Amino acid sequence: MAIVEKVIDAPPQRVFDVLADGWTYSDWVVGTAHVRDVDDAWPRVGSQLHHRAGPWPFSLQDASTVLACEPPHRLVLRAGLWPAGEAIVAFTLEPVDGDATRVRLGEDFAAGPLRWIRNKINDLVLHLRNRETLDRLSDIATRQKGAR
């Protein structure tokens, strides 16, 4: 499992609020081109976020499903990108230094061809992608400093 972490200058609840707003995923999840729909129950277990990933005209439509949700500390998703496969993505939020949050993002391919082609190059690309994803998540969470 590839794990990336970042300390975000916002409390866990504010960071989790971004995770809980499915409509923002295309703003901060690298590779998500468009959010097509978000279940009203998002992010409750079993709810889905329907997305399109990848560049046009090669983009794929699929959905991500919530596997675990423990606000404001943990969110686990099964991110679909068939026919390429699917990944398990886990966000863990831990308070640090007062109003900051350590966010750990773990991702591992769970099914499909992506699982079969694991190598150091793919791991590096995934690591860089997830580092950029956390940078974007941080930008949104810290931009909302005045919000509660």
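In which sense do strand β3 and strand β4 pair, and over how many bridges? I began my notes with this point, working from a predicted model.

**Entry 1: the β3–β4 pair.** I looked up the two strands and found β3 at residues 48–53 and β4 at residues 60–70. They pair in the antiparallel sense, and six bridges join them. The connection is a hairpin with six residues between the strands. In its turn I recorded Gly54, whose phi is positive at about 95 degrees.

**Entry 2: from β4 to β5.** I then followed the chain to strand β5, residues 74–80. β4 and β5 also run antiparallel, with six bridges. Here Ala68 has Val76 in β5 as its bridge partner. A hairpin of three residues makes the link from β4 to β5.

**Entry 3: the whole chain.** I counted four helices and seven strands. Read from the N terminus, their order is β-α-α-β-β-β-β-β-β-α-α. The protein has 148 residues, and 43% of them count as buried. I also looked at contacts with a separation of 6 or more: 43% of these join residues 24 or more positions apart. The exposed surface comes to about 7,900 Å², of which carbon and sulfur atoms supply 54%.

**Entry 4: helix α1.** Is this helix enclosed or open to the outside? I found that six of the eight residues of α1 (residues 12–19) are buried, so the helix is largely enclosed by the rest of the structure. The buried residues in α1 are Pro12, Arg14, Val15, Phe16, Val18 and Leu19.

**Entry 5: the nonpolar core.** I recalled that nonpolar side chains in soluble globular proteins tend to be buried together. In this model the largest nonpolar core has 30 residues. Those with the most contacts inside this core are Val15, Leu19, Tyr25, Trp28, Phe91, Val103 and Leu137. I listed the elements that give two or more residues to the core: β1 (2–8), α1, α2 (25–28), β2 (32–38), β5, β6 (86–96), β7 (100–111) and α4 (120–143). Of these, α4 gives the most, with five residues.

**Entry 6: Leu137.** Which residues does Leu137 touch, not counting those up to four places away in sequence? I noted Ile8, Val15, Val18, Leu19, Trp28 and Val103. Among these, Val15, Val18 and Leu19 are buried residues of α1.

Note on methods. Residues are numbered from 1 along each chain as its sequence is written. This is a predicted model: local features need pLDDT of at least 70, side-chain atom pairs count only at pLDDT 80 or more; totals for chains, interfaces and linings use all residues. Side-chain values use heavy atoms; hydrogens and water are left out. Buried means under 20% relative accessible area, exposed over 50%, partly exposed in between (1.4 Å probe, protein chains only). Contact means heavy atoms within 4.5 Å. Accessible areas come from the Shrake-Rupley method with a 1.4 Å probe; for residues, only the protein chains shown count as cover. Two strands pair if DSSP finds at least two bridges between them. A nonpolar core is a set of buried Ala, Val, Leu, Ile, Met, Phe, Trp, Tyr and Cys residues joined through side-chain atoms within 4.5 Å.
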